[in-house]
Amino acid sequence: MDLLNQIIRQPVDPDYALAATAGSEPSRGRWKLGVLAMIIGALFAVAALQTTRAAPALQSERSELITRIQAAEREQDQLRSRVTSLTEEIATLRAAALGDDGAARSVESQIGLLDPVVGNAAVTGAGVLIVVDDSPSAAADARDRVLDIDLQVVVNGLWEAGAEAIAINGHRLSNLTAIRSAGDAITVDYRSLTRPYRVEAIGDVRTLQSRFVETSAGAWWNDLAQNRRMRYEISDVKQLDLAADPGIVLRHAGRAAS
Amino acid sequence: MIPLVGLLAGIVIGIVLEPSIPQVLQPYLPIAIVAAMDALFGAFRAYLEGTFTDRVFVVSFISNVLIAASIVYVGDQIGVGSQLATGVVVVLGIRIFTNAAAIRRALFHA
């Protein structure tokens, strides 16, 4: 507190008193004072200008970013609708190009057969639903959480058991779909999932579940459910609706040999 | 009279010319201004007490501004810049208040 006391007791430079007692010459160079006062005034003005200038700049930067985000979102929506319309156009063009002879009809039937299998067409049918989730103690132990490899195992087991179409949390899987971890979330087709994970698979209801349980995936998940107490429920479902995979694009097109 | 005219002229010059402060010096401008205010109030009080001298004022102003800015600069280099700036503002603020109170007493006898 001594320091503060001293500051309060002696707020003026002691030099003023010293110079006064020493009887220094009466002020001659008044211009020095004027110049200094000018510098001080300029300092004030510049600082005030800069502060007032900076505030709207920050605000405009922020709103600029917001408008850019909104524009990008709008553009994404437009591109998505364009993808949908172009896909429809491709289908019509293909039908028109194929014509109506016997070879074309066989190609068309082949397309109709393959589209649902590769995930290019929405499908409905009976199948199984597998619901998996982290164990209740996942917060304490990271090993009690469902990992990307666990979901990969489920999906591969379902393909092995004869599933014809699979979707995770509504995201249809194709041969090219990636199931990966990104940060804390598992992503399917680079879109993150929220727990619990619902894996829907369309296939032969009579054999799909029993065959899945017999695969290595079934053993894997039995182990996780028993030793890690993860949620693992498998059930038959009469009606499943799986949308087409929007990630499938036309990569190669050629004129049909006629 | 001359200082007052100079002050006004400086403000006008600052607003009209808008000299741009180098980016490096910008953080130290507010501290320099607080130091300048301290020197101004001290000078005015000394003037009222009849002990004012140009030379002391010029020297005290320049050294105040430079020391305040360099304290903050050193603080920035070692990672306590904002704390030291707070310290400078507190000390100079106390001085400004005390001087302003003394000026008020001398001018209005209240």
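User: How many residues does the contact take from chain B and from chain A?

Analyst: The contact takes 38 residues from chain B and 32 residues from chain A, two residues being in contact if their C-beta atoms, placed from the backbone, lie within 7 Å. The model is predicted: local features need pLDDT of at least 70, side-chain atom pairs count only at pLDDT 80 or more, and totals for chains, interfaces and linings use all residues. Residues are numbered from 1 along each chain as its sequence is written, while chains are lettered from A and ligands numbered from 1 in the order in which they are written.

User: How is the packing of α3(A) and α1(B) to be read?

Analyst: Two packed helices are described by the angle between their axes and the distance between the axes. For α3(A) and α1(B) the angle is about 35° and the axes are 6 Å apart. Axes are lines fitted to C-alpha atoms, for helices over the stretch in contact, and angles run from 0 to 180 degrees between N-to-C directions. The contact of α3(A) with α1(B) has 20 nonpolar, five polar and one charged residues.

User: What span should helix α3 of chain A have?

Analyst: The expected span is 1.5 Å times one less than the number of residues. The 69 residues of α3(A), residues 30–98, should therefore span 102 Å, and the end C-alpha atoms are 99 Å apart, which agrees. A:Gly99, with a positive phi near 75°, follows α3(A).

User: Which residues of α3(A) are buried, and what covers them?

Analyst: A residue is buried if 20 or more other C-beta atoms lie within 10 Å of its own. Among those buried in α3(A) are A:Leu36, A:Ile40 and A:Val46. Their cover includes α1 (2–17), α2 (29–49) and α3 (54–78) of chain B.

User: How many residues has the largest nonpolar core?

Analyst: In soluble globular proteins, nonpolar side chains tend to be buried together. A nonpolar core is a set of buried Ala, Val, Leu, Ile, Met, Phe, Trp, Tyr and Cys residues joined through C-beta atoms within 7 Å. The largest has 36 residues, and B:Ala68 is one of those with the most contacts inside it. The most residues of this core, eleven, come from α2(B).

Conventions: Helix = DSSP H or I, 4+ residues; strand = E, 2+ residues; numbered from the N terminus. Buried ≥ 20, exposed ≤ 12 C-beta atoms within 10 Å, placed from the backbone. Nonpolar A, V, L, I, M, F, W, Y, C, P; charged D, E, K, R; others polar.
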